[in-house]
Amino acid sequence: MQLRWIAKFFAPSMALALAASPALAASHTAKHVAEHAPVNLASTHFNGNLAYEYADKFVACGPRWIGSPGHVCAENFLKQTFAKDNLEEDTFTASTPIGPLTMHNYIVRFPGKKDGVIVVASHYETNYWLRNTSFVGANDGGATVGLLVELGNLLRGSTLNGYSVWLVFFDGEESIQSKWTDQDSLYGSRHLAARWERDGTLKRIRAYMLTDMIGDKDLDICRESNSTPWLEDLIYKAAQQDGYAQYFFENSNFVEDDQLPFVKRGVPTADIIDIDYGPRSMMHPDGYHHTPEDTMDKISAHSLTVSGQTVLTTIHLLDQR
Ligand SMILES: [Zn+2]
């Protein structure tokens, strides 16, 4: 993701608020749900410890830039994890600054009784331009893969009473070159949003929740200003219901992320993201973000419980609408 520090859409009042804020100026495979047990989301609890364990296993693949052995390992992790589910491998060729690259999104579908789909997404790869570092993206891609895997455990079973829920793992979220541009970023989400627009799938999506960097031990999820206000409000309501409101929406920011291709096409969308990650310094103006410091010790099971439970409760609230 890319934070629009000097964004063209930046509200002056928010720029002042940011300037005034020092914090912002700068091998567990147990399934909770038996194979054919009915799934009741209202009484289901998200297990952040398990989500952390899945993230830990996934991040152990090492750097997973496109073309690396770590990327193959990451893909195999997803294929094995969802081997018994309805898993689609969405392969496409992206035109990048270093030439055409083959990329792979993964989509896991859990069917529901209500007509419509809720999408929960994360990207899973790490940055090509950081390939010569030890960057493993524990919070940036890793944590939310763990979150989605645990969510899958809770959705697996018989048909859901509410909407179908689809988990999407995007490839190519990060830019190939170090300078982020509209053309060099968001490859997987741009591809899938365009494909789903062509085949009519987008019309079926009732809500699209993107998760990114929300395993941070010091969790402060921002209200993302490109996102759909009513869906952000519903997420806040879910957080309040679970007693987690203090982790949400103290600050607002415009973030460029895998939500944008869907926002542009009118899909109700929320980017659930914590852009404030680690201490900022002259050397690291963006804290741990995109540095070798983004490791598993910077994320916590508790933060994943907060994030995951809030997503789960939001799905439940969406089902009741
Ligand atoms: Zn990133």
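**Checking the labels**

Analyst: F254 counts as buried because it has 21 C-beta neighbours inside 10 Å, and the cut-off is 20 or more. F254 sits in the loop between β8 (248-253) and β9 (255-256). Keep in mind that this is a predicted model.

User: How far can I trust the prediction? What is the mean pLDDT?

Analyst: The mean pLDDT of the protein chain is 91, and 89% of its residues reach 70 or more. pLDDT runs from 0 to 100. Watch out for residues 5-35, though, where pLDDT stays under 50. For that stretch the model has 28 contacts beyond four places in sequence.

User: How do you know that the length of helix α3 agrees with what a helix should span?

Analyst: Helix α3 covers residues 48-59, which is 12 residues. At 1.5 Å a residue they should span 16 Å, and the end C-alpha atoms are 16 Å apart, so the two values agree. As for what is tucked away, the buried residues of α3 are G48, L50, A51, Y52, Y54, A55, F58 and V59. They pack against α4 (69-81), α5 (138-155) and α9 (301-320).

User: What makes the buried residues of α4 line one face of the helix?

Analyst: Here are the residues: H71, A74, F77, L78 and T81 are buried in α4. Looking down the axis of α4, the buried residues fall within an arc of 115°, so they line one face. On the other side of α4, P69, V72, N76 and Q80 are exposed. The buried residues of α4 pack against α3, β3 (99-110), α5 and β5 (160-170). The length works too: α4 has 13 residues and reaches 18 Å from first C-alpha to last, close to the 18 Å expected at 1.5 Å a residue.

User: Which residues touch the most other members of the largest nonpolar core?

Analyst: A55 and V120 do, out of the 92 residues in that core. α5 gives the most to this core, with 9 residues. Not counting residues up to four places away in sequence, A55 touches A138, G142, A143, V145, G146, G215 and I299. In soluble globular proteins, nonpolar side chains tend to be buried together.

User: Why is F110 called buried?

Analyst: F110 has 22 other C-beta atoms within 10 Å, so F110 is buried by the cut-off of 20 or more. F110 is in strand β3. Leaving out residues up to four places away in sequence, F110 touches L155, R156, L160, S164 and V165. Also, the C-alpha atoms of F110 and G152 are separated by 8.2 Å, although the two are 42 residues apart along the chain.

User: How do you know that β3 pairs with β2 and with β5, and in which sense?

Analyst: Count the bridges, since at least two are needed for strands to pair. Strand β2 (residues 86-96) and β3 have 11 bridges, and they pair in the antiparallel sense. L87 stands opposite V108 in β3, and a hairpin joins β2 to β3 through 2 residues. β3 and β5 pair over 5 bridges, again antiparallel. There, I107 has V168 of β5 as its bridge partner.

User: What makes β10 count as mostly covered?

Analyst: 5 of the 5 residues of β10 are buried. T269, D271 and I273 point one way, while A270 and I272 point the other way. In a regular strand the side chains alternate between the two faces of the sheet. β10 also pairs with β6 in the parallel sense over 5 bridges, and D212 stands opposite I273 in β10.

User: What is the phi of M213, and why is M213 called buried?

Analyst: Phi of M213 is positive, about 60°, although M213 is not a glycine. M213 lies in the loop between β6 (205-212) and β7 (221-224). With 30 other C-beta atoms within 10 Å, M213 is buried, as the cut-off is 20 or more.

Technical notes. Residues numbered from 1 in each chain as written. Predicted model: local features only at pLDDT ≥ 70, side-chain atom pairs only at ≥ 80, totals over all residues. Helix = DSSP H or I, 4+ residues; strand = E, 2+ residues; numbered from the N terminus. Expected span 1.5 Å × (residues − 1). Buried ≥ 20, exposed ≤ 12 C-beta atoms within 10 Å, placed from the backbone. Contact = placed C-beta atoms within 7 Å. Arc of directions from axis to C-beta. Core = buried A, V, L, I, M, F, W, Y, C linked by C-beta atoms within 7 Å. pLDDT = per-residue confidence, 0-100.
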